[in-house]
Amino acid sequence: PADPRKIFTEKDWNLESHLGQNPHRYSKRVAEQAAWHFVEQYRSLSRKSGTVLELVVINPSFLLGPPLANRTDDTSLTLVKDMLEGRLLTNGTGPGCVGVVDVRDVAQAHVAALEVPEAAGRRFIVSSTRAYTQLQLAEILAEEFSEWPLPTRASSAAASEPPFCPTVDASPSRTVLGLRQRSVRKSLQIGRASGRER
């Protein structure tokens with residue numbers, strides 16, 4: 001188990017996931033490593049031509065905020081939708097504890113990665129410093145959607161064993177990219193126009 005006192009930085013990599021455990025997370029690590037390998041190979045081949053290829057990687061945590069598309073089948077939208085529609089009311093929220101970030105801040109981070117010269121060759125974590133459980137996110141949602149059937153307790157599985165809530169140092173996204181992240185409340189308070197009327 002991870003050390004609860006550890007503060008994760010861009011120097012850390014997910015070495016626990018593999019094809020048999022969290023293959024989606026594993027694919028993200030493999031893809032990023034392949035990108036860094038490609039850039040290094042390209043640099044070796046292009047030194048004589050003077051061509052420069054730089055890579056900047058934005059590593060966001062759990063995405064929140066208003067979607068542009070009508071799809072509601074991605075992980076973060078599905079969780080919020082399930083909460084609002086009462087699917088977690090009976091059994092409670094699930095285990096797990098994640099950092100969160102507004103999708104609009106992730107978009108701004110990508111723009112800054114292109115425009116800020118100091119970003120070249122670096123990885124950036126874009127996330128809240130602290131992590132949130134599903135129940136904590138439901139409680140924040142309840143501040144705006146109090147009459148909706150939001151869960152008010154954790155499931156028995158989630159309550160039986162306290163989740164590991166990672167702490168991350170995302171300060172380089174602020175000091176280098178100039179990012180000013182929205183709060184989780186701002187990300188979840190998307191307005192009634194974005195919600196389904198009961």
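A nonpolar core is here a set of buried Ala, Val, Leu, Ile, Met, Phe, Trp, Tyr and Cys residues joined through side-chain atoms within 4.5 Å, and buried means under 20% relative accessible area. In this predicted model, the largest nonpolar core has 18 residues, of which Leu-64, Met-83, Leu-137, Val-184 and Leu-188 touch the most other members. At least two residues of this core come from each of strand E3 (62–64), helix H2 (75–84), helix H4 (134–141) and helix H7 (184–188). Apart from this core lies another, of 13 residues, including Ile-58, Val-106, Ala-109 and Leu-177.

Two packed helices are described by the angle between their axes and the distance between the axes. For H2 and H4, the angle is about 60° and the axes are 11 Å apart, which makes H2 oblique to H4. The crossing of these two helices, H2 and H4, is right-handed. On the H2 side the contact is made by Leu-79, Val-80 and Met-83, and on the H4 side by Gln-134, Leu-137, Ala-138 and Leu-141; six of the residues in the contact of H2 with H4 are nonpolar, one is polar and none is charged.

How many of the eight residues of H4 are buried? Six are, so that H4 is mostly covered, and the buried residues are Gln-134, Leu-135, Leu-137, Ala-138, Ile-140 and Leu-141. Their cover includes E3, H2, strand E5 (100–102), strand E7 (132–133) and H7.

Notes:
Residues are numbered from 1 along each chain as its sequence is written. This is a predicted model: local features need pLDDT of at least 70, side-chain atom pairs count only at pLDDT 80 or more; totals for chains, interfaces and linings use all residues. Side-chain values use heavy atoms; hydrogens and water are left out. Buried means under 20% relative accessible area, exposed over 50%, partly exposed in between (1.4 Å probe, protein chains only). Helices (H or I, at least four residues) and strands (E, at least two) are DSSP runs, numbered from the N terminus. Axes are lines fitted to C-alpha atoms, for helices over the stretch in contact, and angles run from 0 to 180 degrees between N-to-C directions. Angles under 35 degrees count as roughly parallel, over 145 as roughly antiparallel, 65 to 115 as roughly perpendicular and the rest as oblique. A crossing is left-handed if the near helix is turned anticlockwise from the far one by less than a right angle, and right-handed if clockwise. Contact means heavy atoms within 4.5 Å. Ala, Val, Leu, Ile, Met, Phe, Trp, Tyr, Cys and Pro count as nonpolar, Asp, Glu, Lys and Arg as charged, and the others, Gly among them, as polar.
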